[in-house]
Amino acid sequence: MGTPETSREPCPDRILDDVGGAFGMGAVGGSAFHFLKGLYNSPKGDRLIGATQAVRLNAPRIGGSFAVWGGLFSTFDCTMVYVRQKEDPWNSIVAGAATGGFLAMRQGFAASARSAAFGGVLLALIEGAGIALNKFLSAQQPMPIMMDEVPLQTPENSDSNKPWFGGMFGGGKEEEKNTSDVKILESFDAPPVPNFEYK
């Protein structure tokens with residue numbers, strides 16, 4: 001049903017990879033956001049100092065929050081891969097719901113259930129958009145252009161042996177000889193396509 005993600009690390013290493021990627025994404029995005037917010041909120045003479053101070057105070061916190069979310073999501077995703085023994089979009093949807101519910105657990109059962117539902121719906125929308133985009137892009141691939149076979153030019157069938165005016169003045173029609181040999185090469189067996197299914 002689902003296609004394996006060949007660009008990602010195998011499951012135990014994926015967790016550390018996702019923690020680092022999520023921290024970097026949160027730190028860079030948080031830096032940009034808080035730099036602009038610090039520029040806007042600081043007094044007129046100290047805008048640059050206020051912006052850099054806002055980045056220093058807030059960007060690591062945002063990066064850490066992203067890293068916690070990414071690590072939990074990856075852990076739940078790998079757990080689902082291990083339990084279900086296959087990799088498909090349902091693993092990500094369940095992992096998103098479990099991550100949302102787990103992070104909101106301290107606020108009570110109702111808040112945890114709401115957060116789990118929100119995480120599941122969000123990941124379902126993301127996975128659905130990814131599947132739709134893949135189908136759209138695979139449908140847009142152009143068909144290969146088929147070229148007709150053109151015989152090779154040999155001295156027997158080249159234009160240099162024909163008269164200049166093509167028999168207009170009584171040269172007669174020559175029988176066209178097709179003496180070019182077309183050799184069909186035997187196709188070699190392609191190597192087998194690797195199978196990426198998790199067993």
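The structure holds two aromatic pairs. Rings of Phe, Tyr and Trp (its six-membered ring) pair if their centres lie within 6.5 Å; planes under 30 degrees apart count as stacked, over 60 as edge-to-face and the rest as tilted. Trp69 and Phe73 have ring centres 5.3 Å apart and planes at 10 degrees, so this pair is stacked. Both residues sit in helix α2 (residues 47–84), four residues apart, which puts about one helical turn between them. Helices here are DSSP runs (H or I, at least four residues), strands likewise (E, at least two), and numbering starts from the N terminus.

Phe73 is buried, at 12%. Buried means under 20% relative accessible area, exposed over 50%, and partly exposed in between (1.4 Å probe, protein chains only).

The model is predicted: local features need pLDDT of at least 70, side-chain atom pairs count only at pLDDT 80 or more, and totals for chains, interfaces and linings use all residues. Residues are numbered from 1 along each chain as its sequence is written, and side-chain values use heavy atoms, with hydrogens and water left out.

Now the other pair. Phe76 and Phe102 are edge-to-face, with 6.1 Å between centres and 70 degrees between planes. This pair links distant parts of the chain: Phe76 belongs to helix α2 and Phe102 to helix α3 (residues 89–103), 26 residues apart. Phe76 is partly exposed at 24% relative accessibility. Phe102 is also partly exposed, with a relative accessible area of 41%.

Next, helix α4 (residues 109–139). Its 31 residues, at 1.5 Å a residue, should span 45 Å; the end C-alpha atoms are 45 Å apart, which agrees. The expected span is 1.5 Å times one less than the number of residues. Which residues of α4 are buried? They are Ala111, Ser112, Ala116, Gly119, Gly120, Leu123 and Glu127. Their cover includes α2 and α3.

Finally, the whole chain. The protein chain has four helices and zero strands, running α-α-α-α from the N terminus on. Of its 199 residues, 24% are buried. Contact means heavy atoms within 4.5 Å. Among contacts with a separation of 6 or more, 56% join residues 24 or more positions apart. The chain exposes about 16,000 Å², and carbon and sulfur atoms supply 64% of it. These areas come from the Shrake-Rupley method with a 1.4 Å probe; for residues, only the protein chains shown count as cover.
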